[in-house]
Amino acid sequence: MCTAAGRPPPQSIRELGYHPNAGARALAGKRSNIIALMVPLRTDMYVPVMMEIAIAVATTDRTHGYDVLLLTGEEGPDAVRRVTGSGLADAMILMDVELENERLPLLRATGQPSVLIGLPADTTGLTCVDLDWSATGALCVEHLAGLGHRDIAVIGEAPAVYERHTGFAERTLDGLRSRARESGVRVLHRPCEGGYDAMALTLARVFDERPATTGFVVQNESAVEPLLALLRQQGRAVPEDVSMVAICPDQVAVQASVRLTSVAIPAQEMGRHAVERLVAKLDGRGSDEVVLLTPGLTARASSGPAPAAS
């Protein structure tokens with residue numbers, strides 16, 4: 001026996017474990033109850049943070065009755081076109097957002113509900129959730145400048161991240177430089193692939209160009225331990241000779257060989273906020289908005305007063 005809608009009655013649904021077919025629901029003009037999550041997994045990005053956000057999206061989706069369609073390729077507009085054209089997903093969340101992102105014109109044109117975890121240069125007609133990366137960079141400089149450091153080196157992400165003009169990296173750097181100018185601090189930025197050999201070359205360049213460097217800001221999780229090891233080898237004690245602030249997950253900061261003063265990346269909060277705003281859109285309650293999460297700095301063992309000039 002079937003109902004008028006062509007599916008078993010409620011008791012049979014429970015006994016047979018029946019679930020509506022997503023494709024059939026889409027063809028019938030109904031919701032698929034699926035949200036597409038586009039998260040290109042690039043080798044120059046710190047994948048654990050990306051996956052922590054993805055897991056937060058998936059778990060929050062389930063509390064609202066949605067499943068996740070995960071797209072991990074670097075297809076750009078083609079992936080957006082495929083999702084919107086297939087009808088398999090009711091909405092989408094985009095990660096790894098560049099300042100000038102080629103997916104956005106198509107996303108605006110389709111009108112499908114969407115949320116970006118990241119901030120492009122132009123947010124018109126978009127809903128975006130992100131950490132306030134400019135404020136994050138400024139917070140790192142404020143902390144070190146307050147301890148008397150006047151020459152700060154920024155160990156950044158891999159060069160390709162800046163070549164793509166990835167939003168979080170560019171905005172962090174803008175915040176760092178702006179606050180440094182206000183504070184009378186000199187900043188030297190050097191991208192780094194991460195790993196011991198790359199970090200050794202980068203550190204040599206830093207001290208060659210700025211021998212008086214006493215503060216480091218690290219926005220590259222793969223560079224944290226190599227940098228600490230190299231400073232030890234050079235006889236530079238942390239934080240007596242050199243202070244270090246990292247922009248990283250708390251787990252990375254507290255498990256480092258020196259507990260790091262850090263600004264945490266609120267991955268779970270970002271994923272949760274993105275889903276909640278997307279569900280509000282699907283329910284007709286949401287509007288385009290930019291949500292920037294306020295950063296917080298936790299002082300630990302890796303930062304201290306600048307050493308007195310010899």
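## Strand pairing and the sheet

In the predicted model described here, Ile 152 has Val 187 of β7 as its bridge partner. Strand β6 (residues 151-156) runs parallel to β7, and 6 bridges join the two. Strands are DSSP runs of E with at least two residues, helices are runs of H or I with at least four residues, and both are numbered from the N terminus. Two strands count as paired if DSSP finds at least two bridges between them.

β6 and β7 belong to an open sheet of 6 strands with mixed pairing, in the order β7-β6-β8-β9-β10-β12. Its edge strands, β7 (186-191) and β12 (297-298), each pair on one side only.

## Overall composition

The chain contains 12 helices and 12 strands. Of its 310 residues, 51% are buried, that is, under 20% relative accessible area with a 1.4 Å probe and protein chains only. Contact denotes heavy atoms within 4.5 Å; among contacts between residues at least 6 apart in sequence, 72% join residues at least 24 apart.

Residues are numbered from 1 along each chain as its sequence is written. Local features need pLDDT of at least 70 and side-chain atom pairs count only at pLDDT 80 or more, while totals for chains, interfaces and linings use all residues; side-chain values use heavy atoms, with hydrogens and water left out.

## Nonpolar cores

A nonpolar core is a set of buried Ala, Val, Leu, Ile, Met, Phe, Trp, Tyr and Cys residues joined through side-chain atoms within 4.5 Å. The largest such core has 47 residues, of which Ile 53, Ile 93, Ile 117 and Val 217 touch the most other members. Helix α12 (residues 267-282) provides the largest share of this core, 7 residues. Beyond its neighbours within four places in sequence, Ile 53 contacts Met 95, Ile 117, Ala 267, Met 270 and Gly 271.

Another core, of 27 residues, lies apart from the largest one and includes Leu 230, Ala 246, Val 252 and Val 258.

A cavity is a set of points on a 1 Å grid over the protein atoms alone where a 1.4 Å probe fits but cannot get out, and its lining residues have an atom within 4 Å of a point. Grid points are joined across faces, edges and corners, and the volume is the space filled by probe spheres set on the points. The count is 1 cavity of 30 Å³ or more, and the largest cavity has a volume of about 310 Å³. Among its 22 lining residues, Met 45, Val 49, Met 50, Trp 133 and Phe 168 are the closest to its centre.

α3 (47-63) and α8 (167-183) each supply at least two lining residues, and α3 gives the most, with 3 residues.

Technical notes
On a 1 Å grid over the protein atoms alone, a cavity is a set of points where a 1.4 Å probe fits but cannot get out, and a pocket is an open set with protein on both sides within 12 Å along at least five of seven lines; lining residues have an atom within 4 Å of a point. Buried means under 20% relative accessible area, exposed over 50%, partly exposed in between (1.4 Å probe, protein chains only).
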